[in-house]
Structures are given as C-alpha cells and as structure tokens.
Amino acid sequence: FVYRIFHVNNDGPEINVIVILGMIHGSILLAVLIILDILFDIGFPPNLDKSEWYLLALLFFVFQFLIFFRPNKWKTYFKEFENETKEERRKGTILVWSYIIVSLALPIILPVIWFTYFR
C-alpha cells in the first residue's frame, strides 16, 4: 500500500502517504463509530463546535504521522516490490485503489443502507 501511494507522483510522496492513510483510517474510524451508534446508540456524533472538530482532526493526523511516517522502513517495501512484473503492478494498483474507494465510501454507504432498509 505504502509503495503504491508513494509512487503516485513525485511531489511530496511522503505527504501523499500520510494524508491518504489518515483519510482512510479516519473514514474507517468514522464507519466504526456509525456502526456502534446504530447498534448501541452511543450518541454519535457528539455535539462539538467546529473548532473542536478541527482540533480532533489535527490530533488524529498528528498521531497518524507519528505512527506511520517511517521512511527507513518504507525503503524495505520499495526493495520488495522493485522487481514486479507489469501484471503484478497492475493488480496491486487495482487492489490498493479499490481499498481506498471502499474505505472512503463506507461511512457514507452504511447510514444510507441502515436508514433505507432497517428503519
């Protein structure tokens, strides 16, 4: 995943990886919170003002950066995939982009399905 996202373009590839990972993990966290709210009525989303939401998002991205920004580790990924065939590269790219699309769409799709079919 890191290898594919890193090589999308050469303009700040480290930032690409961190931002995309943050978006994906944020959307998965949001989907989990939505599911928990549907199942257990946990009161999501909380009543926060806009500045508090921005602060939470900023903290989330800072934690993402601290956890996942490991360029030395990434070099081992690059060595692992440098001898890929064109077919392997194509399949890997399709899998990564499918994962990104599904992850980002999940928080939108779950409530729509729930309210359409189960309420």
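Visitor: Thanks! Which side chain meets Glu87 in a salt bridge?
Guide: That is Arg90, with 2.9 Å from N to O. Before we go on, please keep in mind that this is a predicted model.

Visitor: Good to know. Where do Glu87 and Arg90 lie?
Guide: Both belong to helix α5, three residues apart, which is about one turn of the helix.

Visitor: Is Glu87 buried or partly exposed?
Guide: Glu87 is partly exposed, because its relative accessible area is 39%. Arg90 also has a relative accessibility of 45%, so Arg90 counts as partly exposed.

Visitor: How many salt bridges are there by the count?
Guide: The count comes to two. Besides the pair in helix α5, Glu84 forms a salt bridge with Arg4, and their closest N and O atoms are 2.7 Å apart.

Visitor: And what parts of the chain does that pair link?
Guide: Distant ones: Glu84 is in the loop between α4 and α5, while Arg4 is in helix α1, 80 residues apart.

Visitor: Is Glu84 buried or exposed?
Guide: Glu84 is buried, because its relative accessibility is 14%. Arg4 is buried too, because its value is 12%.

Visitor: Why can side chains like that pair up at all?
Guide: In general, side chains of opposite charge can pair when their charged atoms come close.

Visitor: Back to Arg4. Which ring does its charged end sit over?
Guide: The ring of Phe81, with the charged end of Arg4 5.9 Å from the ring centre.

Visitor: Speaking of rings, which residues form the aromatic cluster?
Guide: Phe81 is one of them.

Visitor: How many aromatic pairs does the count come to?
Guide: Eight. Among them is the pair of Phe60 and Phe61, which is edge-to-face, with 6.1 Å centre to centre and 85° between the planes.

Visitor: What about the pair of Phe69 and Trp74?
Guide: Phe69 and Trp74 are edge-to-face as well, at 5.7 Å centre to centre and 80° between the planes.

Visitor: Why is Trp74 called buried?
Guide: Because Trp74 has a relative accessibility of 3%, and buried means under 20%. Phe69, its partner in the pair, counts as partly exposed because its value is 26%.

Visitor: And the other two, Phe60 and Phe61?
Guide: Phe60 is partly exposed, because its relative accessible area is 21%. Phe61 is also partly exposed, because its value is 32%.

Visitor: New topic: the surface. Which residues make the nonpolar patch?
Guide: Among them are Trp53, Leu55, Leu56, Val62, Phe63 and Ile67.

Visitor: Let's pick Leu55. Where does Leu55 lie?
Guide: In helix α3, which runs over residues 50-68. Leu55 counts as partly exposed because its relative accessibility is 47%.

Visitor: One last stop: Lys75. Which helix is Lys75 in?
Guide: Lys75 lies in helix α4, residues 71-81. Lys75 is partly exposed, because its relative accessible area is 48%.

Visitor: How far are the C-alpha atoms of Lys75 and Tyr3 from each other?
Guide: They are separated by 8.9 Å, though the two residues are 72 residues apart along the chain.

Notes:
Residues are numbered from 1 along each chain as its sequence is written. This is a predicted model: local features need pLDDT of at least 70, side-chain atom pairs count only at pLDDT 80 or more; totals for chains, interfaces and linings use all residues. Side-chain values use heavy atoms; hydrogens and water are left out. Patches are made of residues with over 30% relative accessible area and no salt bridge: like charges are joined within 9 Å, nonpolar side chains (Val, Leu, Ile, Met, Phe, Trp, Tyr) within 5 Å. Accessible areas come from the Shrake-Rupley method with a 1.4 Å probe; for residues, only the protein chains shown count as cover. A salt bridge is a side-chain nitrogen of Lys or Arg within 4 Å of a carboxyl oxygen of Asp or Glu. Helices (H or I, at least four residues) and strands (E, at least two) are DSSP runs, numbered from the N terminus. Buried means under 20% relative accessible area, exposed over 50%, partly exposed in between (1.4 Å probe, protein chains only). Rings of Phe, Tyr and Trp (its six-membered ring) pair if their centres lie within 6.5 Å; planes under 30 degrees apart count as stacked, over 60 as edge-to-face and the rest as tilted. A charge sits over a ring if NZ of Lys or CZ of Arg is within 6 Å of the ring centre and within 35 degrees of the ring normal.
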